[in-house]
2 protein chains.
Amino acid sequence: MDHNLLLAGIAKYVNLDAEEQEYLISVLHYKKIKRKQLILEEGDINNKVTFVTSGCLRSYAVDKNGTEHVLQFAPAGWWITDMRSFTTGQPARLNIDAIEDSEYIYIPKANFEELNIRIPKFEHYNRVIGQNALATYQHRQIDNVTLSAMERYANFCQLYPSLIKTLPQKQVASYIGVTPEFLSKMLNTMIVK
Amino acid sequence: MDHNLLLAGIAKYVNLDAEEQEYLISVLHYKKIKRKQLILEEGDINNKVTFVTSGCLRSYAVDKNGTEHVLQFAPAGWWITDMRSFTTGQPARLNIDAIEDSEYIYIPKANFEELNIRIPKFEHYNRVIGQNALATYQHRQIDNVTLSAMERYANFCQLYPSLIKTLPQKQVASYIGVTPEFLSKMLNTMIVK
DNA sequence: TATTTCTCTTAATCTACATTAAGTTTTCAT
DNA sequence: ATGAAAACTTAATGTAGATTAAGAGAAATA
């Protein structure tokens, strides 16, 4: 089973020795899922962390009108979690599903905690990528109240050039916080200008 | 100088021994600031982490019209940082200032990194509070696209009951993402209903 | 390959919230 | 205490983006 992408991702931050790697690998679980299949449903407890090895997952919330709002896309090499549910044990507000046929690794919460305690380098890795994620969310929040829909779209294109090519437009619309109708109109009237 | 609030905050998560505490305390810096004084200005490098011991700080970004948008309030016991500037060394997008006369502790980045390496328990603490902050930002993002201004206001009241009493209304408006005029109208027409 | 199911487009209408402006009240610094 | 500066209110008008609807193109599954 393929955990090389995960090990490579960790190796960018810390050097695990052979024993540590072996222990890490021993707690990994491997899964394949089909397009549209859910791995977390609103109301469930998100008691694992998920690392995508191929394909693309996404997390999203559903509002009272039934409209989906994408929080995150996770292509290969990314983690995806409902962090509040994971840390507090509360029911998830997010759904996580596959945008295309995908493969992922997950680590159950108990193992994740033990890894952090027994391998300080692993905790270091998690502290640092956590800080990076926090930085991203802080600035996304600011972008959302500070920029127009067009500017947020331009931002997205710059930040995720590979995703723009593969994602259906309506998913992008949902991520940047507009309706698919408005994004379509925005992009097509822009060409004229 | 008063670092008891900081030690108490850390003690909720990990037990530092006397030597570790001493080392931590040795890298702390103490400051007092007046209302409206800036401790971080957009464009600066945010090369320290800041822990509030009294009063209240806030981080905010300014848009191209000059309007301020509050990202975070930090009353006593809270950390406040432009996390992207801190982790990457890029110029800050955020400003941080004092809403009222305040006192805070800061740790320079180099010391912060060394603390994390030399005291694994300190890194554990940071990993866990980082996860909590991440959880908060994930759900704030969802709230912002999912809820009306009124619902976001109700949310804020529930989440920060102490802040609601002390903060000027316009600061709350800026945090929930509406103009002060609209918040005023919303609250006053609501009473009638 | 057919057919069902998504996805994208266009256009008319609608609405939550912004903007502008001006007056009033509260707070702050001297 | 007193004047200046913030903070709050009210109201008229403006707008980015939502909603609704319906047709056309693309793609998934049988």
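**View 1. Backbone and side-chain contacts to the phosphates of DNA strand D.** In this predicted model, a backbone N or O atom of Ala149(A) lies 3.2 Å from a phosphate oxygen of DNA strand D, a polar contact being a pair of N or O atoms within 3.5 Å (within protein, one must be able to donate a hydrogen and the other to accept it, and residues adjacent in sequence count only if both atoms are side-chain atoms). Two or more residues of the surface near DNA strand D come from each of α6 (149-159) and α9 of chain A and α8 (169-176) and α9 of chain B, where helices are DSSP runs of H or I with at least four residues, numbered from the N terminus.

**View 2. The surroundings of DNA strand D.** DNA strand D is surrounded by 16 residues, of which Ala149(A), Thr179(A), Gln169(B), Lys170(B) and Ser184(B) are the closest; a residue is near a strand if one of its heavy atoms lies within 4 Å of it. Of the atoms of DNA strand D that come within 4 Å of the protein, 72% belong to sugar and phosphate. The largest share of this surface, three residues, is supplied by α9(B). By class, the surface near DNA strand D divides into four nonpolar, six polar and six charged residues, with Ala, Val, Leu, Ile, Met, Phe, Trp, Tyr, Cys and Pro counted as nonpolar, Asp, Glu, Lys and Arg as charged, and the others, Gly among them, as polar.

**View 3. The surroundings of DNA strand C.** Around DNA strand C there are 16 residues, and those that come nearest are Gln169(A), Lys170(A), Ser184(A), Ala149(B) and Thr179(B). Sugar and phosphate make up 76% of the atoms of DNA strand C that come within 4 Å of the protein. The surface near DNA strand C holds four nonpolar, six polar and six charged residues, and α9(A) gives the most to it, with three residues.

**View 4. Contacts to the phosphates of DNA strand C.** Asn188(A) places a polar side-chain atom 3.3 Å from a phosphate oxygen of DNA strand C.

**Notes.** Residues are numbered from 1 along each chain as its sequence is written, and chains are lettered from A and ligands numbered from 1 in the order in which they are written. Local features need pLDDT of at least 70, side-chain atom pairs count only at pLDDT 80 or more, and totals for chains, interfaces and linings use all residues, while side-chain values use heavy atoms, with hydrogens and water left out.
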